[in-house]
Amino acid sequence: MARMIAQDRLRNFGRFDAALESSKRGISRNIAGGEDTSGTAERYKLIRAARDLADNFPPVRSLLLKFATYVSGRLSYQSRTGNKDLDAQVERYWSDWCAKCDFLRRHDFTTLLQLAVMAILRDGDCGFVIVREAGELRLQSVEADRIGSPYNRLIDSDKYIGGIMLDEYGRPEKYQIYVRTINNQYIDSTDIDSAEFIHLFDATRLDEYRGRSAFATALNAARDLQEALKAEIQAIKYASYQTGVITTENGSADASDYFATRTPNDNGQTEKLSNIDPGAINYLSPGEKMEMFQSERPGGAFGEFIRLVQSHICMSVGLPYGFAFDADKSGPMARMEAAMAERTFARWRGLLESQFLNRIKNIVLLDAAARGEIDDSEFLLDGRWCWPAKVSIDYGREATADIALWKAGLKTAGQIYSDAGEDYEEALRARAKEASMIKELGQEFEIQASRISDSVPESAIDITTEIGEVAPLIETIGIGGTDALSGILASLGRGELSPQQVGIILRTVFGMDEASASQITNAEPAPTPAPQQAAASQFEDGKNKPTGGMIAEAKKGLEWRAKYNRGGTNVGVARARDISNGENLSDETVKRMHSYFSRHEVDKKGQGFQPGEEGFPSAGRIAWALWGGDAGQTWAAAKVEQINRNRKLRRKTKSVADMKRDPHGRVVGFEMKTELVMPTPTNDEEEEDFIDRCMVDDTMKSEYPDQNQRIAVCKTQWKNK
C-alpha cells in the first residue's frame, strides 16, 4: 500500500512523464560525464565498428566520400594584407608549401584535409604533429587509435583521458602518440606537447576531450541493414536455384521415373534432383503434376526498411536523406535539402578553420617570415579561405537572383564569387587577361573585339586607331550605351527632356558623378554640320608615292598570302595592291597606315615573325608586309609628322588673317571662323572602316577632343548616312 501511494504521488506531482520509470520501456543509463573510465574502451569499439562499415558497406563509404568532397573538395587561401605584391608572395609560398606539406610525402594539403574530415566522421578524431624537416615545417598525420593505445593499461583519470595528459586545470598538456606496427601492435609511445600537436574532433559534450564516431547513433541500425542485405541476397539466390517439384495426389512423386537417364550417386541411390535444360519436355504420369517455385523476395516493405536505415545514417552526420541517397527530388523540397546540407558543410568548414586551418596557416607564414622566405608585415596573417562552390540544384536561377541582388547593392561581387568557390581578385585578373587577348586578336585580324566575343564590350579602344587613354565611360557603357547617350543628349537639345531629368539619368543609369553630369547638361550645343567638302591633299601629286622598299614588301606580302592562305584582311590586300602598283596615296591612307603600324608593333614579338622561327611567316608578318613592312612604317611616320606640322602652320596663318582691329589698327581680339566639315560614309564603305577614318579626322579631333563625344558623333554620322 505504501509503494502504491508513493507511485501515485510521483504520477500526480511529477513534472515530466519521461521521468517516470516503467517496466514497459527500458531504463535510461545513469548520468555520466562526457569522459569517464569506460570512455576509452567504448571509443575503440566504435572505431572498429565504423571502420568495418566504411570498408564493407557501400552506403557508409559513399557518404564519407561525398561529405569530404563537398566540405573541402577544392580549397585555396587568399591573402589580404593590403599590399598586392605581398599578397601574391604569400599566396605563392602557401601554394608551394601545400604541395609538399606531408612529412611522409604521400599527400598534398587538400588531400590531407579531406582524409581528416573522413577520419573525424568515422573514428571521432585525428591529429597532426608539426615537425621540422630540412628547415621547413611539415605535417605528420596521426589516426585516432594511435592517440593513446587500445591496450594501454593506464586507466582514465582526472589527469589522463584517452591518451591526453592534462594539467592541474584539466587543460591538454601532452598527447601520447603510439607507433602502430604492420602487425597492429602499439609500441614506442612519444609524448607530444600540445603546442606541437593539432587535434581535430567534433565534440558533442562540453566536457569532452576527444570525439567519437559520428555514426555512433546509427551503427547498430547500419550493421543490421548490412546483415539483413546479406541474408536477403542468400535467400534470393537460393530461391533462384529452385525450379519446381513433381507431386501426386498422395504426395511427392519419385523423380527417378522422369526426365533423362539417371546416374546413381556414391551410395548407389538414384538422384531425385535434376537440372532442366532450356526447351526440355517433361512427361508426367496420370495424377501427377509439376509445381513451380515462386519467390516474392525482396518485398516492398524491405525497400522501405532500407530507406529508413539510410535516413538514420544520414541524420547521424547531419545530412538530409534526399541529398545523400535520393536524387529524384526536384523543386522547393530539393532546394530546401540542398540548403540544409550546405548549412552542415558551412558548420564543418568553420570547425576546420578554427581547429586546424588558421592555426597551421599562421604557424607556417610566421615561420616563413622569420626565415626570410617572405616579407614580414603586421597584416601578414590577414586573409580568407576560399571554399568550394555552395551546393545548388539550380545554378541558373541562383545566378539570376545574385545579379539582381548585386544591382540592388544588397550583395557584393566578392560574395558572389565566394559562393561559387572562386577568388574574386584572381577571377578579375583572369577576365582582364582574356579581354586583353581578345583585343590583341582583334587588332591582329583588324576586326572589332566584339566580333570575337561578346564578353568584351565594344569600346573606344576597339575602334579608334590612335594609342591613348580610354575614357572610363566608354569602357563602362560600351557602344550601345554611347548610342543611348547620344539620343538622350539630342532630346535635351530639342527640349524634350529638361537638364534636371538628363542629369538624373546620367547619374543613375550611366554612373556619372554630379559634376560630370552637370558639365554635360549645361554644355553648349555643337554647331550644325556644313555640307561635306573634299579635303585638299597636303602634298602635291606624286609626293605620296611609295618607296621601292615598300613596293617590294607589298609584293612579298601578296605572294605569301596566296601561298599560305593566311594573314591580313581585304583592306590590307587592297593597300598592298596600291603600294605594289606604285600609286600615289592619299593623306587619309597615309594616316591609316601610320595607325596600323602603331597598333601592330607588338606583332613583331610573336612566334614566326622573324626568319628562322617556327611558323615563319606568321599571319602577323604577312599582314605587316601587306602594309609596306618596316619601310612603310618609317615612311608613314615621317609623312604624318609633316602633315601635322603643315596643319599647325595653316591654323596659325588663318588666325592672323582673322584678327579683329580697332580704327587705329590695334589688335583687340580674334574672330575664329572655322568651317566644320564632318566626314560622311561613302557608298561602299563598311561601318568599321568609316568609324576608323572618322576618329582620326583632323576636323573631328579638333572639334571633339574628348573621345567619348567624338565616337558618339561618328556613330551618329554612320546612322544618318
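The protein chain has 24 helices and 14 strands. Both are DSSP runs numbered from the N terminus: helices are H or I with at least four residues, strands are E with at least two. Of the chain's 721 residues, 38% count as buried. Buried means under 20% relative accessible area, exposed means over 50%, and partly exposed lies in between, with a 1.4 Å probe and protein chains only. Contact means heavy atoms within 4.5 Å. Among contacts between residues at least 6 apart in sequence, 65% join residues at least 24 apart.

This is a predicted model: local features need pLDDT of at least 70, side-chain atom pairs count only at pLDDT 80 or more, and totals for chains, interfaces and linings use all residues. Residues are numbered from 1 along each chain as its sequence is written, and side-chain values use heavy atoms, with hydrogens and water left out.

**The three-stranded sheet**

- Three strands form an open sheet in the order β3-β2-β8, with antiparallel pairing. Two strands pair if DSSP finds at least two bridges between them.
- β3 (136–143) and β8 (197–201) stand at the edges, each with a single partner strand, so one side of each has no neighbour in the sheet.
- From one strand to the next, the twist averages 25°. Axes are lines fitted to C-alpha atoms, for helices over the stretch in contact, and angles run from 0 to 180 degrees between N-to-C directions.
- Strand β2 (residues 125–133) is joined to β8 by five bridges, and the two run antiparallel. Asp125 stands opposite Phe201 in β8.
- Helix α9 (residues 332–370) packs on this sheet and touches β2, β3 and β8. The direction of α9 makes about 160° with that of β8.

**The four-stranded sheet**

- Four strands form an open sheet in the order β4-β5-β6-β7, and the pairing is antiparallel.
- The edge strands are β4 (160–161) and β7 (186–193), each pairing on one side only.
- Two bridges join β4 to strand β5 (residues 164–166). Tyr160 stands opposite Met165 in β5.
- Strand β6 (residues 172–180) pairs with β7 over six bridges, in the antiparallel sense. The bridge partner of Ile177 in β7 is Thr190.
- The hairpin of β6 and β7 has five residues between the strands. In this hairpin, Asn184 takes a positive phi near 60°.

**Helix α3**

- Helix α3 (residues 58–72) has 15 residues. From its first C-alpha to its last it reaches 21 Å, close to the 21 Å expected at 1.5 Å a residue. The expected span is 1.5 Å times one less than the number of residues.
- The buried residues of α3 are Pro59, Val60, Leu63, Leu64, Phe67, Ala68, Val71 and Ser72.
- Seen down the axis of α3, these buried residues fall within an arc of 155°, so they line one face of the helix. The arc is that of the directions from the helix axis to the C-beta atoms.
- They pack against α2 (39–56), α5 (109–123), α7 (300–317), α8 (321–324) and α9.

- Gln310 lies in helix α7. Gln310 is buried, with a relative accessible area of 12%.
- Not counting residues up to four places away in sequence, Gln310 touches Pro59, Tyr321 and Phe325.
- Ile233 is found in helix α6 (residues 219–241). Ile233 is partly exposed, with a relative accessible area of 46%.
- Ile233 and Pro298 are 65 residues apart along the chain, and their C-alpha atoms are separated by 8.6 Å.

**Cysteines**

- The count comes to one disulfide, defined as a pair of cysteine sulfur atoms within 2.5 Å.
- The disulfide joins Cys694 to Cys714, with an S to S distance of 2.1 Å. The torsion about this S-S bond is about -85°, so the disulfide is left-handed.
- The pair links distant parts of the chain, 20 residues apart. Cys694 is in helix α22 (residues 687–695) and Cys714 is in helix α24 (residues 707–719).
- Cys694 and Cys714 are buried.
- Cys101 is in no disulfide; the nearest cysteine sulfur, that of Cys98, is 5.9 Å away. Cys101 is buried, with a relative accessible area of 0%.
- Cys314 also counts as buried, at 0% relative accessibility.
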